[in-house]
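Subject: Handover of a two-chain model

Dear colleague,

Please find the structure below, together with its sequence. My notes on what was found in it follow directly after.

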Amino acid sequence: MPRRLLRDGLIVDDDWTYAADAQGHAAGSVILSLTQWQTERDKWDGGKWRLGLVLLPAHKVESVADDMSRFELIAAEFSGPGEGRGYSQARVLREQWNFKGELRATGYVRRDQLFFMARCGFNSFELPDADIAGAHAALSTFSFAYQPSNDAGLALKLPLRPPGIPASA
Amino acid sequence: MYRYDVIDKTLVNERVAQFRDQTQRFLAGELSDEEFRHLRLRNGLYLQRHAPMLRVAIPYGLLSSAQLRALGGIARRYDRGYGHFTTRQNIQFNWPKLEQVPDILAELAEVEMHAIQTSGNCIRNTTSDHLAGVTPDELEDPRPWCELIRQWSTFHPEFTYLPRKFKIAVTGAAQDRAASQVHDVGVHIVRGPAGELGFEILAGGGLGRTPIIGQVVREFLPRQHLLSYLEAILRVYNLEGRRDNLQKARIKILVRSLGIEEFRRRVEAQWELIRGSGLNVDDAQIARLKGFFTPPAYRSLENTEPSIGKSVAFQAWYRYNTVAHKVPGYRAVYVSLKKPDVAPGDITDSQMELVADLADRYSFGEVRVTHTQNLLLADVEQGDIFALWQNLERAGLATPNIGTLTDMICCPGLDFCSLANAGSIDVAKLINDRFDDYDYLYDLGELEIKMSGCMNACGHHHVGHIGILGVDKSGEEWYQITIGGAAGVDASLGQVIGPSVKKADVAETIARLLEIYVEQRQPEERFLDTVRRLGVKPFKERVYAAPLAA
């Protein structure tokens, strides 16, 4: 049974496969580890595959920057409830490398983190089934924000302005 | 002071609802202890030795009388009739019931208060100078900048799961009354090359297991860039700070391992990418924030000398517990929470309500919490000071000891905290019992004793003129003594004098340290200065020359 996901606010079946589960397939949508991408690039880079990539918490976004256009999906893995590097990875991907594809939170992902993850630019979430029901409510935990980030539509409290609006100084 | 608008109100109410849901899910067994721990900690709730402890945020230590009154009511109805003020200018309740915490938060929200980010690995309450806005030696009032940082850091989506806690202090005066050099980030308001006001930014200071004085990352930051620069520092820290070892996860370890030059290079590189972003704050917006901190309606008065012709008791209190104000005819008045038989920083429900009433009557309805765990009425007319003293005296809030030996900083220690190795409140009591002669205390002059019940250093022992650290020795409580620490502009870390001593010998140890000081001091020299001039050696020799046991 395919994994269920929260993506762009909708609960959907996952149409991506992790490479370890993709054996025997000759084409499709596959998510690679950084090591697989670096060591087996020829195998995957032939155009038959839609490619995704998993970044582990310690991975530097800069290390895949040159290949970013090759990936339609990047997943940041959260190793546990205290892990926080993925939030910065997401913002760097979206804001500094202009990554437009699917940005997925994987690993330890629970409804209580969704609001902040979404604000950092994640748009899909691998949640345990028990958390899928509460996920929509979690995405609208707060009605306003005190600081600019990646979300559209959330009203910002002055004195800060949304990204893209130049400051006078 | 800052007042909530509809956005602040909405956010705090939404937080109450979120935490109520999380608490219910935990009580229903839907969240594990470990999962709930990460959530409750970001809302100031510890589950510790006897009961939960709830830490309530007091942004940069500023309270309205209505807020202090509400805290008193919460202490009475949800706790055992008292609260404890901390070195982060916050207040802790030691006996709430877990299932009632959401109700407490709802009551706090009604007076524009909360417990957001008062614990956990996130950006904590920003602290500042308790004399902000009233001290004569100030370049600019730091509180509008503190409020700006408060808003930016509240629910920051990127920095809520940092490697470790993160503390910021902001000062705007020549004297550093906020211990800013031992913060993860210290922000100093300074003048730039053309005389304009901006910031000096320090990073990598901290206490705990590895005490380090902060280093300058940037000598001058133009004011509109404060938040983008902080965001650059936090991003470098969030991505690069160690997460494999709790003891090495503070930013101070990152700064030390990279070296300040490399750390600065990374921060500046990150800042270049975001400095033009929506984090810039223009003058109009700063002016709007400053509007919340305009001076109260001072009367036009002459300076007087309120202690003339008054009792010796009032004169002593006036000398030690009041300080100069920049406006003629006014003084700032400390409300001492260091009564000898009370745990340092503790205050009862009715005392909170009384101080709130006195603030309304004598100090424009505002109260400040100092990082030394006292309260301050910042704007008292000199003509009212005697009447104020009478009220405080009757309530046990006029112990004339501010800045002296018995004005100790002290963590809750083994009596409450599950991290502690040793008691600290009872040691404070033993010290108070030993040093009960005010003539001697006054003769000793300025002396800061700071005490922590464990390595986490909540009592700032490293930067005490005399520092006391509780250690566990095979199940017994022992105490390591340091001397020569300081938290101000001349910040320094204390040096250990020698082997740790038993609880019963702490007071005698301090007495011997003070003997050397009294014998060797030069005119106008504080204990700290004598230690700096002579070094640890003569003090150490005196302490260990004869057996300590009383």
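Chain B of this predicted model has a secondary structure of 17 helices and 21 strands. Its radius of gyration is 23 Å, close to the 24 Å that the globule rule gives for 550 residues, so chain B is as compact as a globular protein of that length. The C-alpha trace of chain B spans about 60 × 60 × 60 Å along its principal axes. Of the 550 residues in chain B, 56% are buried. Among the contacts in chain B with a separation of 6 or more, 67% are between residues 24 or more positions apart.

Chain A has six helices and 10 strands. For its 169 residues the globule rule gives 15 Å, and the radius of gyration of chain A is close to that at 17 Å, so this chain too is as compact as a globular protein of its length. Along the principal axes, the C-alpha trace of chain A spans about 55 × 40 × 25 Å. Buried residues make up 38% of the 169 residues of chain A. Residues 24 or more positions apart account for 43% of the contacts in chain A with a separation of 6 or more.

The contact between the chains

The two chains meet through 33 residues from chain A and 37 residues from chain B. On the side of chain A that touches chain B, the elements that give two or more residues are helix 3 (85-96) and helix 4 (111-120) of chain A. Helix 3 of chain A supplies the largest share of that side, namely five residues. Sorted by class, the side of chain A that touches chain B holds 17 nonpolar, nine polar and seven charged residues.

A sheet in chain B

Chain B contains an open sheet of five strands in the order 1-2-5-4-13, with antiparallel pairing. Strand 1 (45-47) and strand 13 (346-348) of chain B are the edge strands, each of which pairs on one side only. On average, neighbouring strands of this sheet are turned by 30 degrees against each other, direction ignored.

At one edge of the sheet, strand 1 of chain B is joined to strand 2 (residues 52-56) of chain B by three bridges, and the two run antiparallel. Within this pairing, B:Leu47 has B:Pro52 in strand 2 of chain B as its bridge partner.

A hairpin in chain A

In chain A, strand 1 (residues 4-7) and strand 2 (residues 10-13) run antiparallel and are joined by four bridges. A:Leu6 stands opposite A:Ile11 in strand 2 of chain A. The hairpin formed by these strands has two residues between them, and A:Asp8 takes a positive phi near 50 degrees in it.

Positive phi in two loops of chain B

Two further residues deserve a look for their backbone angles. B:Gln89 is not a glycine, yet has a positive phi of about 65 degrees. This residue, B:Gln89, is placed in the loop between strand 4 and strand 5 (91-93) of chain B, and both of those strands belong to the five-stranded sheet described above. Is B:Gln89 buried or exposed? B:Gln89 counts as buried, because it has 26 C-beta neighbours inside 10 Å, where 20 or more are required.

B:Ala457, likewise not a glycine, has a positive phi of about 65 degrees. The loop in which B:Ala457 lies is the one between strand 17 (449-452) and strand 18 (466-473) of chain B. B:Ala457 has 23 C-beta neighbours inside 10 Å, so it counts as buried.

The nonpolar core

The largest nonpolar core comprises 198 residues, and those with the most contacts inside it are B:Ile233 and B:Val355. Helix 6 (residues 226-240) of chain B contributes the largest share of this core, 10 residues. Leaving aside residues up to four places away in sequence, B:Val355 touches B:Leu68, B:Val335, B:Val367 and B:Leu375.

With kind regards

Key
Residues numbered from 1 in each chain as written. Chains lettered and ligands numbered in written order. Predicted model: local features only at pLDDT ≥ 70, side-chain atom pairs only at ≥ 80, totals over all residues. Contact = placed C-beta atoms within 7 Å. Nonpolar A, V, L, I, M, F, W, Y, C, P; charged D, E, K, R; others polar. Pairing = 2+ DSSP bridges. Axes fitted to C-alpha atoms, helices over the stretch in contact; angles between N-to-C directions. Rg over C-alpha atoms; globule rule 2.2 N^0.38 Å. Buried ≥ 20, exposed ≤ 12 C-beta atoms within 10 Å, placed from the backbone. Core = buried A, V, L, I, M, F, W, Y, C linked by C-beta atoms within 7 Å.
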